[in-house]
Amino acid sequence: MSNRSARCLTIALTLSLLPSALAATEPKMVAILTPFQQSVTTNAMIASLQDQATKRGWKTNVVDTKGDMGQLASRMEDVVSAKVNAIVIVSTDPNQLKAQIQSANAAKIPVFGLDSGYISGMAMNATSDNAAMGKTITELLFKAMNGKGNLVVLTYRAHPGVLKRTQALDAALKNYPNIHVVTEQQVQVPGPIENSRQQMENILLANPGKGAITAVWAGWDEPAIGVAQAIQAAGRTGIKVTGIDGTSQAMDMIQKGSPIIATLKQNFPQMAVLVAQQIERVFNGQPVSATELYAPASLVTRKP
């Protein structure tokens, strides 16, 4: 073969390999889906995950269905059809997405949870130890109540994490026969602060006497904030409120002497880091470290 023919053959082979080389360098696409991006904590987690993705050279596509779970399932089908490289569901119950998770598996697209639950078919989920947090905040509130009184519960059992916290409350109540649950209300999401404030206004009107309400157990900080605002606006005193999350607004209200006496500060940025690390492992052909990983939480109470 002449030198000229050899050069032509080399060029032809190089050109034929270009599409494969370009495909190999194409950035990974991670789809992030949630029904609750309006939530302060959910939005913070998504922002942290996007930051982690950018550092790793991945692209992200955020889908928010504003509380519509049916739409979330439909949009998840869309991203599966688009053949993204990974899917992250944020602050949602994967049991409502079983069919879509199976479709992702069939398409070889791993599904990760960020402050969601874990079910078979998912790669993993990163969150806080919600059962432990529920037990800790409940025991603190019951101690503040001196083990007796009338309790209002504002929760959202459709969220896997809040469900585990509420189940810890259910278990603790069995050991406190002198604590009576006046009512348990489900918080409307989106809009938990406004909805909780309205609900608490009605509860206060229905229970006007001194001591009619001793405390309020809120499943997370946003309803605790709404509740505290209603209590203060009504001029009611002596009602203790707890939350979970450690949002800046809730922590500020604790220190300023509002009805909120404590919260548990979750490490949402660390949850996003854990998920990004596990996505990276899967992209590199490695198994996940565990199907459930916890970021630590810390108790926040009023400073002396």
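**Trp220 and its surroundings**

Modeller: Let's start with Trp220: skipping neighbours within four places in sequence, it's in contact with Thr155, Tyr156, Val162, Arg165, Val187, Val189, Pro192, Gly243, Ile244 and Asp245. Keep in mind that this is a predicted model.

Colleague: What makes Trp220 count as buried or exposed?

Modeller: Buried means under 20% relative accessible area. Trp220 has 8% relative accessibility, so it counts as buried.

Colleague: And where is Trp220 found?

Modeller: Trp220 sits in the loop between strand 8 (215-218) and helix 8.

Colleague: Why is there said to be a polar contact between the side chains of Trp220 and Glu222?

Modeller: A polar contact needs a pair of N or O atoms within 3.5 Å. The contact between these two side chains is at 3.0 Å, so it falls within that cut-off.

Colleague: Glu222 belongs to helix 8, I see. How do you know how far helix 8 is enclosed by the rest of the structure?

Modeller: Of its 13 residues, 10 are buried, so helix 8 is largely enclosed. Among them are Asp221, Glu222, Pro223 and Ile231.

Colleague: What span does helix 8 have, and what would you expect at 1.5 Å a residue?

Modeller: Helix 8 (residues 221-233) reaches 18 Å from its first C-alpha to its last, close to the expected 18 Å. Just after helix 8 comes Gly235, with a positive phi of about 70°.

Colleague: How about helix 4: how do you know where its buried residues lie around the axis?

Modeller: In helix 4 (residues 98-106), the buried ones include Gln100, Ile101 and Ala104. Looking down the axis, the buried residues fall within an arc of 100°, so they line one face of the helix. That side packs against helix 3 (69-81), strand 3 (86-90) and strand 4 (111-114). On the face turned away, you'll find the exposed residues Gln102 and Ala106. After helix 4 comes Lys108, whose phi is positive, near 60°.

Definitions and conventions: Residues are numbered from 1 along each chain as its sequence is written. This is a predicted model: local features need pLDDT of at least 70, side-chain atom pairs count only at pLDDT 80 or more; totals for chains, interfaces and linings use all residues. Side-chain values use heavy atoms; hydrogens and water are left out. Helices (H or I, at least four residues) and strands (E, at least two) are DSSP runs, numbered from the N terminus. The expected span of a helix is 1.5 Å times one less than its number of residues. Buried means under 20% relative accessible area, exposed over 50%, partly exposed in between (1.4 Å probe, protein chains only). Contact means heavy atoms within 4.5 Å. A polar contact is a pair of N or O atoms within 3.5 Å; within protein, one must be able to donate a hydrogen and the other to accept it, and residues adjacent in sequence count only if both atoms are side-chain atoms. The arc is that of the directions from the helix axis to the C-beta atoms.
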